[in-house]
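Here is a short report for a reader new to this structure. Have the sequence and the model open while reading.

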Amino acid sequence: MTSVKMTVNGKSVSGEVEGRTLLVSFLREQAGLTGTHVGCDTSQCGACLVHVNGDAVKSCTMLALEAEGAEVATIEGQANADGSLNVIQQAFQDHHGLQCGFCTPGMVMSAAALLKENPKPSETEIREYLQGNICRCTGYHNIVKAVLAASGQDVGAIAAE
Amino acid sequence: MYNFEFEQPTTVADAVKALSEEDAQALGGGQTLLPTMKQRLAMPSKLVSLTAIDEIKGVKKDGDQLVIGGGTTHGTVAREAAASYPGLAGLASKIGDPAVRNRGTMGGSLANNDPSACYPAALLASGGTVVTDRREIAADDYFQGMFTTALEEGEIITAVKLPIPEKSNYQKFEQPASRFPLVGVFVAKYAGGVRVAVTGASNEGVFRWTEAEEALSGDFSASALEGLSASAEGMISDIHGSSEYRAHLIGVMTKRAVTAAA
């Protein structure tokens, strides 16, 4: 076992891990942050998406030891300081961007990464960026609407309606 | 996956030393190796992560070529090569998905030489050079068949040198589930001629389509390719497409790449 220490949602977290311990396992089982989900475990579905040093990564395909010293952001750190939903989370609720909710933490973290680099994405850009996040309930249209709304844009008519 | 010892050196010299142990394996961004290890198709006793070595990261222009560190992520190549080598940046911007591009590295992709990876097509079509901790290897000598390269045990790709073409483009026909190319074609036009590299199609991995290179070197237009067809012999045939289908796609993707580059 090796010691690992990182900052998760602004708080220092440390633990003892094996070489093979995945970042997502560390977050869920040692940091107790179970909002980050394991969907496919093969880096296809994006349910495990978190930010490491500001970049979106799939935490099922990164070792905990590779995050030594890193700043990690998960869904648990996304709400506003007063506990209310942030603008992206609220938009997902307003536009029914989730049904079962399993993919939602990854979708919200992916949307946050997109809006940081592209504050006013087009519908096409949103669909392209979310390629690595799979939702089996909504058919994506309401997720795309939610991201458009979160970026302050008109959700009006989107494709395939 | 089976457990392993983990090391994260900060210099190439320390990484080479760590890799000299038996069954030690270099780890780039891990976007292929970690899934492979989860399936227990690989079981190294030690992983040597290259992600903390700053000297093998970054994109810089050096005269008429682009020098890209082996540890540079696809996302960084997509952003930083956009002005100098848009064909390469376009390829990098469509590998996998954004989160995969934030981890996966050029060196990792080239060292693995997956027969359906995108970067081998760019390296081969650019007539580039692989720079390692111990030597330089020309692209034409580097690829030696599916998952096989000229790299020795423990040899690390520190950089890749790519001559910048006058015009270039990469087109891929994606297998929609994996997003790997069913067939991908990189076309690069230089003063001295055109190079065409095909990935995804052949059982031997990436290869140059020399008939198309000759036709395009005389006339760089999609119409120059009329009547040319790639042979289906040796092409991959699987549930996603027959060898004949892949051979047909080579022609289609090459024409699209030439049109987009022109």
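## A residue inside chain B

Thr254(B) touches Val185(B), Val187(B), Val196(B), Trp209(B), Leu216(B) and Leu225(B), leaving out residues up to four places away in sequence. Contact here means heavy atoms within 4.5 Å. Thr254(B) sits in helix α10 (residues 243-261) of chain B. Its relative accessibility is 0%, so Thr254(B) counts as buried. Buried means under 20% relative accessible area, exposed means over 50%, and partly exposed lies in between (1.4 Å probe, protein chains only). Helices (H or I, at least four residues) and strands (E, at least two) are DSSP runs, numbered from the N terminus.

This is a predicted model, in which local features need pLDDT of at least 70 and side-chain atom pairs count only at pLDDT 80 or more, while totals for chains, interfaces and linings use all residues. Residues are numbered from 1 along each chain as its sequence is written, chains are lettered from A and ligands numbered from 1 in the order in which they are written, and side-chain values use heavy atoms, with hydrogens and water left out.

## Chain B as a whole

Chain B has ten helices and twelve strands. Its radius of gyration is 18 Å, close to the 18 Å that the globule rule gives for 262 residues, so chain B is as compact as a globular protein of that length. The radius is taken over C-alpha atoms, and the rule is 2.2 Å times the number of residues to the power 0.38. Along the principal axes, the C-alpha atoms of chain B fill a box of roughly 55 × 45 × 30 Å.

Buried residues make up 57% of the 262 residues in chain B. Take the contacts in chain B between residues at least 6 apart in sequence: 57% of them join residues at least 24 apart.

Tyr2(B) lies in the segment before β1 (5-7) of chain B. At 38% relative accessibility, Tyr2(B) is partly exposed. Which residues does Tyr2(B) contact, leaving aside its neighbours within four places in sequence? They are Arg20(A), Arg40(B) and Met43(B). Tyr2(B) and Val16(B) are 14 residues apart along the chain, and their C-alpha atoms are separated by 23 Å.

## Two residues with positive phi

Most residues other than glycine have a negative phi. Ser43(A) is not a glycine, yet has a positive phi of about 60 degrees. Its place is in the loop between α1 (23-30) and β3 (49-52) of chain A. Ser43(A) is buried, at 10% relative accessibility.

In chain B, Arg179(B) has a positive phi of about 65 degrees, although it is not a glycine. Arg179(B) lies in the loop between β9 (167-174) and β10 (181-190) of chain B. Arg179(B) is buried too, with a relative accessible area of 12%.

## Helix packing in chain A

Now turn to α2 (residues 87-94), α3 (residues 104-117) and α5 (residues 141-150) of chain A. The table gives their pairings. Axes are lines fitted to C-alpha atoms, for helices over the stretch in contact, and angles run from 0 to 180 degrees between N-to-C directions.

| Helix pair | Angle | Axes |
|---|---|---|
| α2(A) and α3(A) | about 125 degrees | 10 Å apart |
| α2(A) and α5(A) | about 135 degrees | 8 Å apart |
| α3(A) and α5(A) | roughly 40 degrees | within 11 Å |

Angles under 35 degrees count as roughly parallel, over 145 as roughly antiparallel, 65 to 115 as roughly perpendicular and the rest as oblique. α2(A) and α5(A) are oblique to each other. So are α3(A) and α5(A).

α2(A) passes α3(A) in a right-handed crossing. A crossing is right-handed if the near helix is turned clockwise from the far one by less than a right angle, and left-handed if anticlockwise. On the α2(A) side, the contact is made by Ile88(A), Gln89(A) and Phe92(A). On the α3(A) side, Thr104(A), Met107(A), Val108(A), Ala111(A), Ala112(A) and Leu115(A) take part. These residues divide into seven nonpolar, two polar and no charged. Ala, Val, Leu, Ile, Met, Phe, Trp, Tyr, Cys and Pro count as nonpolar, Asp, Glu, Lys and Arg as charged, and the others, Gly among them, as polar.

α2(A) also passes α5(A) in a right-handed crossing. Val87(A), Ile88(A), Ala91(A) and Phe92(A) of α2(A) meet Ile143(A), Ala146(A), Val147(A), Ala149(A) and Ala150(A) of α5(A). By class, this contact has nine nonpolar, no polar and no charged residues.

The crossing of α3(A) and α5(A) is right-handed. Here Met107(A), Ala111(A), Leu114(A) and Leu115(A) in α3(A) meet Ile143(A), Val147(A) and Ala150(A) in α5(A). The contact has seven nonpolar, no polar and no charged residues.
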